[in-house]
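Please open the structure in a viewer and keep the selection tool at hand. The tour goes from one selection to the next.

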Amino acid sequence: MYPDRVVANIRAFERIFTSAGVTGAIFYGKKANKAACVVRACAEAGCGVDVSSADELKAAKAGGIRGRDLMVTGPAKSDVLLQMATRDDALIAVDDLDELARSSTIGGPSRVLLRVLPPRSNSRFGMTEDELDLALRLTDTDSIRLHGFSFHLAGYEANPRADLALSLIERCHEGRRLGHPMTTISIGGGFGVDYVPSRAWETFLRGVNPRWFHGDRAPHPESYYPYHCPIPGPAMLAAILERSNLADRLRRSGIKLAIEPGRALLDQAGSSVFGIQGIKTRLAHGLPYHILTVNGTSLSLSEQWFDSEYLPDPVLWPQRPGNTTPTCVGGSSCLEDDMLSWRRIPLPRSATTEDLLIYPNTAGYQMDSNESSFHGLPLPPKVVLRSSPDGRQFDWNLDTDGFPI
Ligand SMILES: *Cc1c(COP(=O)(O)O)cnc(C)c1O
């Protein structure tokens, strides 16, 4: 993990808010990576954290995040989580009326955003128009301070986010007339990451067929993450703010725009490193290829668990000349399906058990969302890389909740 990069990614989003003249608030979507060093980077950068369990909330506070800089999301939150959030003065994204009613009995006041079910969406999250109306009209302004709205859309498009935010500005004015502060609209996460150049991605999509994969097992073409993203992270925020003068409308209404990026704050902030335990040679369609077994499992490369595959090529280390060798990669468990890469990757040489295989840019969701100690294997440790102030030297320690070892 390289937390300096997280700070740089936060700064890049902040610059977009500043140049658009909009008051912004960034909450790191914590589920995208569990490392303590990421939360500490957020605290250092003055950025908030978006949590959805008591444990995530505690971890964020242990990493130095102030209660006011926490956002609490997730459906049907437990009473304990609602109480912790209220006591810490966190923003609570309330997902339905029952949660709102339970929050009002805590003795707050609780600071609340109402989560919106997007139009024409069949998401299980958020409230319908009628439910939002009831919430605005019936909420007791002593026990609940309604601070605005939040949503989180599927996909990676700027326009639907801008359009929904615009429509919620009107509703904020309505809420203010009813006595609520209505300070904030949160447009959630889903800021894309540009993993590979457009040429590489187009070439892959044009050529991909089952014969590229071990056992001819290609994922469904529609299940791939869009690994080339033409308008990633901060550029996507800029596009959202430019659409229909959203920036101007927010400024004139005195409304803060909150974002909850997970993956985008982790762009280039970590890689997964595997040792190679064994190498086999097999034939497919008349051609030889290698199957590597690495000292880890596909639980450390989560895309397999969405019936898909993490496509950026791993790097074989050390880099040495050799003959291109088609290679797929299996985990060290006894499950046939435990493959990190079914695709025969054209490694630049034949691998040996002395080498490392390094999957790049895996901090966002890949490396630890699904980790478990399956087979009694230990959870992979995280190494935190830090650079000296002049950027010329690196030091490292293991990621821990408390103090560097
Ligand atoms: C997962 C999630 C995020 C982060 O999403 P990314 O795609 O990683 O940016 C933000 N907000 C909510 C409510 C989420 O569930």
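How far is an oxygen atom of the ligand from an N or O atom in the side chain of Lys 31? The distance is 2.9 Å, a polar contact (a pair of N or O atoms within 3.5 Å). Before continuing, note that this is a predicted model, in which local features need pLDDT of at least 70, side-chain atom pairs count only at pLDDT 80 or more, and totals for chains, interfaces and linings use all residues. Residues are numbered from 1 along each chain as its sequence is written, and side-chain values use heavy atoms, with hydrogens and water left out.

Select Gly 190 next: one of its backbone N or O atoms is 2.8 Å from an oxygen atom of the ligand. Then select Glu 260, where a polar side-chain atom lies 2.6 Å from a nitrogen atom of the ligand. On its own the ligand has 390 Å² of accessible area (Shrake-Rupley method, 1.4 Å probe), and the protein covers 86% of that 390 Å².

Finally, move to Ile 144, which belongs to strand 6 (residues 144-150); strands are DSSP runs of E with at least two residues. Is Ile 144 buried or exposed? Ile 144 is buried, at a relative accessible area of 1%, where buried means under 20% (1.4 Å probe, protein chains only). Select Ser 103 as well: its C-alpha atom is separated by 7.5 Å from that of Ile 144, although the two are 41 residues apart along the chain.

Key. Polar contact = N/O pair within 3.5 Å; in protein donor to acceptor, adjacent residues only side chain to side chain. Helix = DSSP H or I, 4+ residues; strand = E, 2+ residues; numbered from the N terminus. Buried < 20%, exposed > 50% of the residue type's maximum accessible area, 1.4 Å probe, protein only.
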